[in-house]
Amino acid sequence: MAGRGRGWQREQLNGLHARAGAGASPYQRLGQRMRDITGDRGVLKEVIRAGAGEMVPQDASVLVKYSGYLEYMDKPFDTNWYRRNPRLMKLGEEITLQGMEVGLLTMKKGELARFLFTPSYAYGALGCPPLIPPNATVLFEMELLDFLDSAESDKFFVLTTEQQDTFPLQKVLKVANTEREFGNYLFRQKRFMDARERYKRASLILCRRPSNGDEQCQIDAAKLLVFLNLSFTYLKLERPVRALTYGEKALEIDKRNAKALFRCGQACLSLTEYEKARDFLVRAQKEQPFNHDINNELKKLASCYRDYMDKEKEMCCRMFAPLSFSPVEPEVKNPLQMKGTVP
């Protein structure tokens, strides 16, 4: 629970229970100081830590940590708080609790908030046996880590190529950035094939976009990020030729880009093209002399090259070593075994 722990939750509810008096439950007492966000007091909200930026739009995909509690219960009945990488969930499809979706639509990135959901916004009159009793009001604490406005992107890719080309540049850039962010999320989940497809969709619409001089700078800046992502992804997929291709595409946009030079160096090292690898990595080091990754890769290159030269030297020694012939004694037949001598 965002560093507070279950003990904090228990202390808060115990304090409310002590102050509630006869006829008022802890959740009722808590609800008195919370904001009604539905107009019928079905979903009540209290902000614990404010977020920043825009609120979550309809049909967005969200990264959220949450814990759900029943009244008088110390342990959550449902939580993903302790997962290292929470799953990206799409509103309206993968979040089925109405109160949770209503609450998320009021949140901003980085926000931590507490919500009370009445049964009509939670598990209904029947509950969800055996965990949730009938007509249960539940408390959820949610932290919005991030969200992606995927609705516009989803609609864009349903259109024909001709229809896509009529979109204004800023919308195209927004769609491409959404696809790249999706790819970044998938990359962090180590789903490299899925990440590659998202990056390639972004690359496709950016490379196809006709532009004038003023727009080209914006398109190139977006393409540079996508090409770097693709280069790194192909390295993870152990396809260094493709990684080199996209690294060089990035260098066509920014020939001094240290990350692009580094990726090209990594790809050439995987291909055992040591001279090219050294050239790329030395250029990357020139741009960022104190970059730990670049310097380590140069050390790795030196080690690989030494091993390669040692093996080459050993092979040459074997190939050109003088041949030594052992004298062969002529075979002398036993005269007793010669034809006609043994009866």
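Helix H8 (residues 213-236) has 24 residues and spans 35 Å from its first C-alpha to its last, close to the 34 Å expected at 1.5 Å a residue; the expected span is 1.5 Å times one less than the number of residues. Helices are DSSP runs of H or I with at least four residues, numbered from the N terminus. After H8 comes glutamate 238, with a positive phi near 60°.

This is a predicted model, in which local features need pLDDT of at least 70 and side-chain atom pairs count only at pLDDT 80 or more. Residues are numbered from 1 along each chain, and side-chain values use heavy atoms, without hydrogens and water.

Two packed helices are described by the angle and the distance between their axes. Axes are lines fitted to C-alpha atoms over the stretch in contact, and angles run from 0 to 180 degrees between N-to-C directions.

| Pair | Angle | Axis distance |
|---|---|---|
| H7 (residues 192-208) and H8 | about 155° | 9 Å |
| H9 (residues 240-253) and H10 (residues 258-270) | about 155° | 8 Å |

H7 is therefore roughly antiparallel to H8, a term for angles over 145 degrees. In their contact (heavy atoms within 4.5 Å), H7 residues including Phe192 and Tyr199 meet H8 residues including Ile219 and Phe227. By class, this contact of H7 with H8 has 11 nonpolar, 3 polar and 4 charged residues. Nonpolar covers Ala, Val, Leu, Ile, Met, Phe, Trp, Tyr, Cys and Pro; charged covers Asp, Glu, Lys and Arg; the others, Gly among them, are polar.

The H9 and H10 contact involves, among others, Pro240 and Leu244 of H9 and Leu261 and Cys264 of H10. Its residues divide into 10 nonpolar, 2 polar and 1 charged.

Definitions and conventions:
Helices (H or I, at least four residues) and strands (E, at least two) are DSSP runs, numbered from the N terminus. Angles under 35 degrees count as roughly parallel, over 145 as roughly antiparallel, 65 to 115 as roughly perpendicular and the rest as oblique.
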